[in-house]
Each structure stands twice: as C-alpha cells, then as structure tokens.
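Please keep the sequence and the structure in view while reading.

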Amino acid sequence: MSKKLALLFSIFALMAILAACGNSDSSDEANASSEESGNTTIEELSIGFVPSRDPEEITTATEPLKQLLTEEMAKLGYDIGNVDITVGTNYEAVGESLSAGSLDVGLIPGGTYVLYDDGAEVILTATRAGLSVDADDPKEWNDNKPTEASDEQATSYRALFIAGPSETGQALAAKVNNGEALTWEDLNSASWAVSSSSSPAGYIYPALWLDENYDKTITDLDSVVQADSYSSAFARLAAGQTDVLVTYADARRDNADAWKTEFGREASIWDETNVIGVTPGIYNDTISVSKNSDIMDEDLKAALQEAFINIAKTDEGKEVISIYSHEGYQKAESSDYDNERKAQELVRELN
C-alpha cells in the first residue's frame with residue numbers, strides 16, 4: 001500500500017471516530033445538563049382535571065400550566081420532559097385514574113378525593129375569594145343579589161339549591177321569599193339536575209341537607225337527571241327542562257354571560273333564578289397525587305406543593321387556576337377532610 005493511500009485511510013478513520021463522538025455528545029446533552037444542575041429527570045408528568053366546566057374551556061385555559069409547571073419544577077430540582085393535561089369524562093374517571101396510577105396528579109373536589117383516598121393523597125387545598133353573602137337563610141341570598149366576590153380568602157364554600165325560570169321553579173322561590181318553609185311535597189314536585197355522586201356541591205352536601213331537613217335524600221326525589229357539567233345543568237335550567245339545580249355558591253357568577261348568550265334567556269340570571277336552600281360550608285378542592293404512580297415519592301410531592309403555591313402567586317398562574325375559581329393553595333393534610341368522610345359515609349347509608 002502506498003504512503004498516500006495509507007494516509008487517506010487514517011484520515012477517514014479519524015473522521016469516523018470524531019463523528020461518533022459528536023453524535024454521542026448531542027444525544028447525552030440533556031442528561032449532562034441535568035447532571036450538572038443536579039436535577040432529577042422525569043420524562044412525563046400527567047395531570048387530570050374534573051369536568052366542572054366545559055372540557056374544551058378547561059383544556060384551553062390550562063394549556064399555559066404546562067410551561068409554568070415545567071419552569072417552576074426545574075427551580076425545585078426536577079427537569080420534566082412533558083406535562084400531559086387531560087380532562088376526565090366525569091369526576092370518577094379522574095379518581096379512578098389516580099388510584100390506578102395512570103395519572104400522577106389530579107385537581108379534584110374533596111368528595112372525589114375521599115372516595116378514592118385509598119389510591120390518592122391530598123397535598124394542597126385551594127383557597128378562593130369569599131362571597132358577599134354567606135348565610136344559612138336562602139332569602140338573604142335572594143335579597144342581596146347579585147352575589148359578589150369579597151376581598152377575603154376562604155377555605156370552604158356553600159352549595160346552593162337554585163330554582164330557575166320555570167313555573168315550578170318560580171313557585172318554590174316565591175314561597176322562600178315570602179318567608180315560608182318549603183315542604184317535601186314542594187321539593188318533590190320539581191324536576192332536579194344534580195352532578196355525579198362524588199360531587200360535593202352537586203350531590204353529596206345537598207343529599208345531606210335533604211336528610212337533615214326532611215329525612216329524605218336525592219334518591220327519594222321523583223324526577224332527577226344527572227348533568228355532565230354545571231354548564232349543562234344551567235342550560236337545562238334556562239330551557240325549563242329542569243326546575244332546580246344544585247351547585248357551588250358562585251356558579252351563577254360563572255354562568256351569568258352564558259345565561260343570555262348561550263342559553264338564550266332575555267333577562268339576567270340574577271332576575272330569573274333564586275336560592276331555595278343552602279348547605280353548610282364545604283372544604284375546598286384539592287390537588288391530590290397518586291399513591292400508585294411510578295414516579296411519586298416524598299421529594300416529588302414536596303416539590304409539587306411548592307410549585308403550585310408559587311405558580312398561584314404569579315399573574316399568569318392566577319389566570320390559569322381561575323378556571324376553577326381557585327386563587328391560591330395551602331398545604332393540606334388528610335385529616336382536613338374528615339368531615340367529608342363523615343358526609344360520604346352518611347350518603348352511603350342513605351343509599
């Protein structure tokens with residue numbers, strides 16, 4: 001072999017070695033970065049939301065959370081490759097996914113958390129602005145419409161029985177506003193819209209209220225339909241398909257615009273609806289994590305707590321979590337929801 005040919009072979013061999021090194025360097029760049037920062041790498045973090053609002057609306061509103069959470073978790077020692085956000089078909093679907101470990105994090109009501117606390121662990125409780133009315137007497141809510149937000153944060157909220165513009169709904173409201181007590185016969189004459197059986201405001205606490213006041217429950221009512229969201233429940237109420245719905249206390253504020261634009265009413269939601277019943281306070285929504293997630297441990301739970309608390313303090317974060325009327329978060333303990341467990345037990349006994 002000539003010296004020139006041997007030299008060419010040497011050059012090609014050296015180029016191949018350099019190329020291989022270059023490819024290796026680029027493929028390991030992300031890992032090297034994590035190693036240099038000391039961060040733990042998580043390929044995917046899955047988060048589930050319950051459909052208390054229109055699912056498409058929730059999906060759109062929470063899209064910025066992916067970047068916000070990725071950035072915040074990086075500061076707290078975790079490099080997340082992808083944040084996957086989904087909206088469950090119902091409340092139970094999110095609870096079941098947390099229990100199964102197919103979801104890592106769920107934003108779920110206290111009632112759903114308690115129902116699935118064998119596989120889910122609460123780490124945060126949402127705080128919300130209180131309301132201008134917080135009374136046991138439904139007439140006070142009607143005398144002081146519209147309900148407005150207050151400056152004070154609250155860790156609990158009420159469920160309200162809202163009578164709509166139908167003839168039966170108006171008749172029930174008239175009795176309440178005249179200071180008359182409603183009878184079971186009055187209530188049973190109405191058509192009701194409720195949420196799934198794990199919804200605190202849409203089922204559990206209204207069932208307890210009926211039990212405490214009438215020794216009856218939702219299953220004793222002659223006409224009940226289960227709505228897939230509060231939005232669809234208000235649509236039914238506006239159309240006169242139902243006479244009464246049960247919902248969280250500021251739901252009319254959330255549906256005030258849609259009452260006219262989407263649901264086709266001419267008068268305002270405040271003119272056409274009235275409160276006919278009020279439950280005791282309900283502890284706020286949770287951020288819960290899966291006990292069966294492959295990635296969940298004590299350090300990750302602590303980081304998620306700090307991340308969501310910090311995100312809620314930013315303007316962009318506040319906009320994201322406002323889809324659920326959340327305004328902040330505080331660290332939570334399982335024992336915070338002991339009253340909710342009692343409520344769930346009573347509901348099981350009633351059914």
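## Overall make-up

The protein has 17 helices and 14 strands, where helices (H or I, at least four residues) and strands (E, at least two) are DSSP runs numbered from the N terminus. The model is predicted, so local features need pLDDT of at least 70 and side-chain atom pairs count only at pLDDT 80 or more, while totals for chains, interfaces and linings use all residues. Residues are numbered from 1 along each chain as its sequence is written, and side-chain values use heavy atoms, with hydrogens and water left out.

Of the 351 residues in the protein, 49% are buried, a term that means under 20% relative accessible area, with exposed meaning over 50% and partly exposed in between (1.4 Å probe, protein chains only). Among contacts between residues at least 6 apart in sequence, 75% join residues at least 24 apart, contact being defined as heavy atoms within 4.5 Å.

## Aromatic pairs

The count comes to 9 aromatic pairs, under a rule by which rings of Phe, Tyr and Trp (its six-membered ring) pair if their centres lie within 6.5 Å, with planes under 30 degrees apart counted as stacked, over 60 as edge-to-face and the rest as tilted. The pair of Tyr113 and Tyr337 is edge-to-face because the ring centres are 5.6 Å apart and the planes lie at 75°. This pair links distant parts of the chain, 224 residues apart, with Tyr113 in helix α6 (residues 110-115) and Tyr337 in the loop between β14 (328-331) and α17 (338-350). Both Tyr113 and Tyr337 are buried.

Tyr230 and Tyr248 form another edge-to-face pair, at 5.1 Å centre to centre and 70° between the planes. Tyr230 belongs to helix α11 (residues 230-239) and Tyr248 to strand β10 (residues 244-248), 18 residues apart. Tyr230 counts as buried at 6% relative accessibility, and Tyr248 is buried with a relative accessible area of 13%. Elsewhere, ring pairs link Phe161, Trp184, Trp192, Trp209 and Tyr214 into a cluster.

## The nonpolar core

The largest nonpolar core holds 99 residues, of which Ile47, Leu69, Leu304 and Tyr329 touch the most other members; such a core is a set of buried Ala, Val, Leu, Ile, Met, Phe, Trp, Tyr and Cys residues joined through side-chain atoms within 4.5 Å. Helix α10 (residues 200-214) gives the most to this core, with 8 residues. Leaving aside neighbours within four places in sequence, Leu304 is in contact with Leu45, Met73, Val105, Ile123, Leu124, Val289 and Met296.

On a 1 Å grid over the protein atoms alone, a cavity is a set of points where a 1.4 Å probe fits but cannot get out, whereas a pocket is an open set with protein on both sides within 12 Å along at least five of seven lines, and lining residues have an atom within 4 Å of a point. There are 2 cavities of 30 Å³ or more, and the largest cavity has a volume of about 190 Å³, volume being the space filled by probe spheres set on grid points joined across faces, edges and corners. Among the 17 residues that line the largest cavity, Ser52, Arg128, Tyr230, Tyr248 and Asp285 are the closest to its centre.
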